[in-house]
Amino acid sequence: MEKEAFIPLVVKWAQSHGFKDIQANMEGYETPKSYERAADNIRFTPDVTGVNMFNRHYLEVCMKTDQMRGHISKWKLLSELAGMKGAKLYLMAPRGHVRFAREAVDHYNIPAEVVKID
């Protein structure tokens, strides 16, 4: 299943947990701000962002994949941005991907909270 199919579930989770001003990388929502890495001009767009407690948090769908390098770079960037603003990075893992997400966070030392979504 594609990562995009889980973005509506992430939006629903964010709404139920009190997030406001939700932006999502899907139709019907404003697209979150993209960030560009100066070294190689690669653009990173968060899956979902939302404001909670006056800070903009980043919510990313996390799924098992062979293409880990790009995802790790994106998660590190978003966790760094969140940390500078006093916010958090949430890695939203569907059933069957939670263990993978937790291992990636531990292995690559990414300050993120892993949340299981169904």
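## Strand pairing

Strand 1 (residues 20-24) pairs with strand 4 (residues 48-52) in the antiparallel sense, over three bridges. Strands here are DSSP runs of E with at least two residues, helices are runs of H or I with at least four, and numbering starts at the N terminus. Two strands count as paired if DSSP finds at least two bridges between them. Within this pairing, Gln-23 stands opposite Thr-49 in strand 4.

Strand 4 is also joined to strand 5 (residues 55-61). These two run antiparallel, with five bridges. Val-51 has Arg-56 in strand 5 as its bridge partner. Strand 4 and strand 5 form a hairpin, with two residues between them. Met-53 sits in the turn and has a positive phi of about 60°.

## About the model

This is a predicted model: local features need pLDDT of at least 70, side-chain atom pairs count only at pLDDT 80 or more, and totals for chains, interfaces and linings use all residues. Residues are numbered from 1 along each chain as its sequence is written, and side-chain values use heavy atoms, with hydrogens and water left out.

## A buried serine

Where is Ser-79 found? Ser-79 belongs to helix 2 (residues 68-84). Ser-79 counts as buried because its relative accessibility is 8%. Buried means under 20% relative accessible area, exposed means over 50%, and partly exposed lies in between (1.4 Å probe, protein chains only).

Ser-79 is in contact with Leu-89, Ile-110 and Pro-111, leaving aside neighbours within four places in sequence. Contact means heavy atoms within 4.5 Å.

## The whole chain

The protein chain holds three helices and seven strands. From the N terminus on, the order is α-β-β-β-β-β-α-β-α-β. The radius of gyration is 13 Å, close to the 13 Å that the globule rule gives for 118 residues, so the protein chain is as compact as a globular protein of that length. That radius is taken over C-alpha atoms, and the rule is 2.2 Å times the number of residues to the power 0.38. The C-alpha atoms fill a box of roughly 35 × 30 × 25 Å along the principal axes.

Of the 118 residues, 44% count as buried. Among contacts with a separation of 6 or more, 53% come from residues 24 or more positions apart.

## Surface

The protein chain exposes about 7,100 Å². Carbon and sulfur atoms supply 50% of this area. The areas come from the Shrake-Rupley method with a 1.4 Å probe; for residues, only the protein chains shown count as cover.
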